[in-house]
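Q: I would like to learn how to read a model feature by feature. Can we work through one together?

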Amino acid sequence: MMDSGIFATGVEAGTFVVAALGLFLVYIQHQWNKRRSRFENTMRLIDRLESVEMLHLRHEIESLAIDHGGAISYKKIEHEPDKERRTHLKAACSIVPKLFGVVAFMCQREEANQKIIVEGWARHIIANYERLSDYLIERDALEGGVGFLNEFEWLYKKAKAYAARHKPKARQSPPANPVLSFFGQFGGRRRMTDRSLTSDEGVF
């Protein structure tokens with residue numbers, strides 16, 4: 001009887017261990033799939049951010065912001081006389097922030113890697129938000145929200161915080177080598193003498 005009781009206890013313990021191990025493996029598989037999915041989503045977003053179309057649109061927004069004095073004005077675009085160009089500019093000013101907003105949305109939900117996006121794109125995120133934020137606020141007030149402005153602002157704050165922590169250090173010239181400086185004096189003097197000997201002015 002005692003042996004059968006020990007055997008039953010051992011079977012129960014073994015079953016528990018197997019069940020626990022199974023759950024652990026399922027958890028590991030889930031985490032692995034989640035990480036792989038997040039990485040793949042991040043690469044897709046980067047491909048989209050670096051596409052030729054987006055590159056052209058960002059350059060166009062940069063030029064437009066310069067024309068508008070640094071930040072794009074909704075009213076100035078609305079007063080653009082060429083209807084086709086006005087439509088194109090409004091589309092550009094919508095597509096770029098929407099993409100950054102989608103990127104932020106996915107980062108917030110851990111469906112994309114926030115670290116890779118922010119560290120790799122901080123300068124672009126900051127520049128485009130500062131160029132477009134006034135336009136987006138004006139547009140949303142007059143036309144209604146088009147979406148992802150709050151997410152874009154969230155991503156902008158993350159990028160600003162990263163940039164503040166990683167300001168580029170001023171490059172300093174390396175200290176002069178005293179040995180090279182010493183021999184350089186003679187080299188410089190010799191070259192000057194050589195020029196003097198071969199110059200049209202003759203020997204001094």
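Q: Is Lys-160 buried, exposed or partly exposed, and what is its relative accessible area?
A: This is a predicted model, so read every value with that in mind. Lys-160 is partly exposed, because its relative accessible area is 38%, between the 20% limit for buried and the 50% limit for exposed.

Q: Which side chain does Lys-160 meet in a salt bridge?
A: Start with the general idea. Opposite charges on side chains can pair when the charged atoms come close. Here the partner of Lys-160 is Glu-130, at 3.8 Å from N to O. The two come from distant parts of the chain. Lys-160 sits in helix H6 (residues 149-165) and Glu-130 in helix H5 (residues 114-143), 30 residues apart. Glu-130 is partly exposed too, at 37% relative accessible area.

Q: How many salt bridges are there by this rule?
A: The count comes to nine. Let us look at some of them.

Q: Are Arg-139 and Asp-140 buried or exposed?
A: Both are buried. They also form a salt bridge with each other, and the closest N and O atoms are 2.9 Å apart.

Q: Now the fold. How many helices and strands does the protein chain have?
A: Seven helices and zero strands. Read from the N terminus, the order of elements is α-α-α-α-α-α-α.

Q: What share of the contacts joins residues at least 24 apart?
A: The share is 78%, taken among contacts between residues at least 6 apart in sequence.

Q: Which residues have the most contacts inside the largest nonpolar core?
A: The general idea comes first. Nonpolar side chains in soluble globular proteins tend to be buried together. In this model the largest nonpolar core has 38 residues, and Ile-72, Val-103, Ile-125 and Leu-155 have the most contacts inside it. The elements giving two or more residues to this core are H1, helix H2 (52-67), helix H3 (74-78), helix H4 (83-108), H5 and H6.

Q: What does Ile-125 touch, not counting residues up to four places away in sequence?
A: Its contacts are Phe-100, Ile-117, Phe-152, Leu-155, Tyr-156 and Ala-159. Keep Phe-152 and Tyr-156 in mind for the rings.

Q: How many aromatic pairs are there by this rule?
A: Four. Two of them show how geometry is read. The general idea is simple. A ring pair is described by the distance of the centres and the angle of the planes. For Tyr-129 and Phe-152, the centres are 5.2 Å apart and the planes stand at 85°, so this pair is edge-to-face. Tyr-129 lies in helix H5 and Phe-152 in helix H6, 23 residues apart. Tyr-129 is buried, at 11% relative accessible area. Phe-152 is buried as well, at 0%.

Q: What are the distance and angle for the rings of Tyr-129 and Tyr-156?
A: The centres lie 4.2 Å apart and the planes are at 20°, so the pair is stacked. Again H5 meets H6: Tyr-129 is in helix H5 and Tyr-156 in helix H6, so the pair ties together parts 27 residues apart in sequence. Tyr-156 is buried, as is Tyr-129.

Q: Which residues do ring pairs link into a cluster?
A: The cluster holds Phe-100, Tyr-129, Phe-152 and Tyr-156.

Q: Let us turn to the surface. Which residues form a nonpolar patch there?
A: Phe-39, Met-43 and Ile-116 do, and together they have about 250 Å² of accessible area. Take Phe-39. This residue is found in helix H1 (residues 2-49). Its relative accessibility is 47%, so Phe-39 counts as partly exposed.

Notes: Residues numbered from 1 in each chain as written. Predicted model: local features only at pLDDT ≥ 70, side-chain atom pairs only at ≥ 80, totals over all residues. Heavy atoms only, no water. Patch = residues over 30% accessible without salt bridge, like charges linked within 9 Å, V, L, I, M, F, W, Y side chains within 5 Å. Areas by Shrake-Rupley, 256 points an atom, 1.4 Å probe, with all protein chains shown as cover. Salt bridge = Lys/Arg side-chain N within 4 Å of Asp/Glu carboxyl O. Helix = DSSP H or I, 4+ residues; strand = E, 2+ residues; numbered from the N terminus. Buried < 20%, exposed > 50% of the residue type's maximum accessible area, 1.4 Å probe, protein only. Core = buried A, V, L, I, M, F, W, Y, C linked by side-chain atoms within 4.5 Å. Contact = heavy atoms within 4.5 Å. Phe/Tyr/Trp six-rings, centres within 6.5 Å; stacked < 30°, edge-to-face > 60°.
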